[in-house]
Amino acid sequence: MTAWLKHLPQTIAESEVDLLAGDTLPSVWVDRWMRDPQREVIHDPKQGWINGGTLLARSQIAARKLARAGVAAGDRVLISASSSVDLVVAHTAALRLGAIVMPTNGAYRADEVAHVVSDARPRVAIIEDAEWGEWIRAVDKNIVLTPPSISLDEGPDISLDAVKASHPALIGYTSGTTGRPKGAVLSHGNLLSSIRGLEIAWRWTSHDTLILALPLFHMHGLGVGLHGSLAVGAKAVLLPQFKVDQVLNAISEFKATLFFGVPTMYSRIIDSGRANELDVLRLCVSGSAPLSSSLHESIQRESGQVVLERYGMTETAMLVSNLYEGARKAGSVGIPLPGVEIRLEGDASEIEVRGPNVFEGYWERPDANAEAFRDGWFRTGDLGRLDEDGYLAITGRAKELIISGGFNIYPREIEDVLCEHDAITECAVVGVADDEWGEAVAAFVVADRDIGYEEARDFVGRRLAHYKRPTHVRRVASLPKNALGKVQKHRLVLDRDN
Ligand code: MLC
Ligand code: AMP
């Protein structure tokens, strides 16, 4: 039996599942907004509720402005801003125009911004930080800059919504296994099929209201929370920051039914002593990083909510999920979502995936594509085990990756920066278990003099996003190496706290 049939409600037969129904996300959204223009769709603290009719009109105007600035179908538009109605309008406008959106983490510093800009060469950058403008223009002075409100001249009426499922929609930057971040190109069909799968699996309907405090520059907040809410005609309440009190107050104020978060968010909700207020929700979802069994149990004990854990990636959108009606197992990410197939390969049992949600490849990186796929299956770099019910547990990673508070950190990037420090001759960075963040960054340095914790953090923080700063810094006489001179990271262990 196809594993994913377990996600279907009794009312839907396998033959009725059409993961590309509507063809593209913008066409599905536009259809909803035209059919029910009065319906409230998005709320932000500044603009309040915006209905479908307003989104339709505002995204059309924004698209004309982008077109006037030179954006044509297939051109890239970088978007980096905190969550707001304006950001949603800008994003939907770019997609309706057929542009490829590059959602970019606002914590990036100059080098990180320069890398994605020179790699994907956006025509327009929608940003809220003047410093970013300088960094972007240093790469290419012709890139048009605008705040999320799109303060550009409006062009003539143009035809929108002409994209097809096979056309590229997003470039999400991720480092995969090695090297500098690569752009994973997701098509409209990839994104739509993932949302259609979640719509079925999580019984997501227009009656739902999601509290969305995740940033809108990653798959979790953008590709699941925002895209899904817009596609099923549900409501989304945007919170530009994650503050426990604001989230819990919003749940009650907006009579919310859904909350999606990373484990660090759930851990903070437990620490607040207000976790019982999650009890009114229809569904709590966790993803992007492992949810420990103890946190899963605490949430259930405090609120009665059995959190549904799921697993996804930038390259694939959502892959596997626990069941809505059926077991939600702590420590497991569940069963493949509709249309998704998984297999475990090699001695290490690497998780490989196939399905309409899986991206075609990295932006202008045929070399990386050759490594990323094996016989048409995408190699996730995660290791897994299947139990007797077909539930997948993630048991480890083949790729060098630290996940801190749901953000991915690649040790190599921090090592390269630390090695620029004039007192550091060698260094190695590893992830260590951390109660709040899941994992934290530990740097082991060989240095001519003592490098203080603050000095190392500042040094990294000036060059890389804040969450990549080391939480632990150790000066060591030498790094453990094997006969070939490769650092044996498993032998780097913290003996005491900073
Ligand atoms: C903030 N800090 C972090 C951090 N976030 N440090 C390590 N890891 C992080 N993730 C630092 C700040 O710089 C600050 O340092 C200190 O922690 C306290 O900051 P804060 O204001 O309390 O943090 P906050 O802004 O509340 O951020 C915490 C958070 C955020 C959990 C809300 O990290 C977050 O939004 N995480 C979600 C990431 C996400 O969306 N991932 C999805 C990836 S998609 P100092 O020194 O100034 O005190 C994906 C696919 C899939 O993985 O399957 O979903
Ligand atoms: P990203 O590249 O930011 O999309 O992150 C994807 C990675 O996050 C995956 O390859 C996993 O390693 C990890 N991940 C996502 N969801 C989970 C989860 N529920 N449990 C453990 N790891 C997860």
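How much space lies in the second largest cavity? The answer is about 80 Å³, in a model that is predicted, where local features need pLDDT of at least 70, side-chain atom pairs count only at pLDDT 80 or more, and totals for chains, interfaces and linings use all residues. Residues are numbered from 1 along each chain as its sequence is written, chains are lettered from A and ligands numbered from 1 in the order in which they are written, and side-chain values use heavy atoms, with hydrogens and water left out.

A cavity is a set of points on a 1 Å grid over the protein atoms alone where a 1.4 Å probe fits but cannot get out, and lining residues have an atom within 4 Å of a point. Volume here is the space filled by probe spheres set on the points, which are joined across faces, edges and corners. The whole structure holds three cavities of 30 Å³ or more.

The largest cavity has a volume of about 140 Å³. It is lined by 14 residues, and Pro 103, Gly 172, Tyr 173, Phe 217 and His 218 are the closest to its centre. Strand 7 (168-174) and helix 7 each give two or more residues to this lining, with strand 7 giving the most, three. Helices (H or I, at least four residues) and strands (E, at least two) are DSSP runs, numbered from the N terminus.

Returning to the second largest cavity, its lining includes Pro 103, Phe 217, Leu 222 and Leu 226. Two or more residues come from each of strand 3 (76-80), helix 3 (85-97), strand 4 (100-103) and helix 7.

Phe 217 also takes part in one of the 13 aromatic pairs found in the whole structure. Rings of Phe, Tyr and Trp (its six-membered ring) pair if their centres lie within 6.5 Å; planes under 30 degrees apart count as stacked, over 60 as edge-to-face and the rest as tilted. Phe 217 and Phe 407 are stacked, 6.2 Å centre to centre with 20 degrees between the planes. Because Phe 217 lies in the loop between strand 9 (209-212) and helix 7 (219-232) and Phe 407 in strand 23 (residues 407-409), the pair ties together parts that are 190 residues apart in sequence. Phe 217 is buried at 14% relative accessibility, and Phe 407 is buried at 18%; buried means under 20% relative accessible area, exposed over 50% and partly exposed in between (1.4 Å probe, protein chains only).

Elsewhere, Phe 359, Tyr 362, Phe 373 and Phe 378 form one aromatic cluster.

Terms used
1 Å grid on protein atoms, 1.4 Å probe; cavity = no way out; pocket = protein on both sides within 12 Å on 5 of 7 lines; lining within 4 Å.
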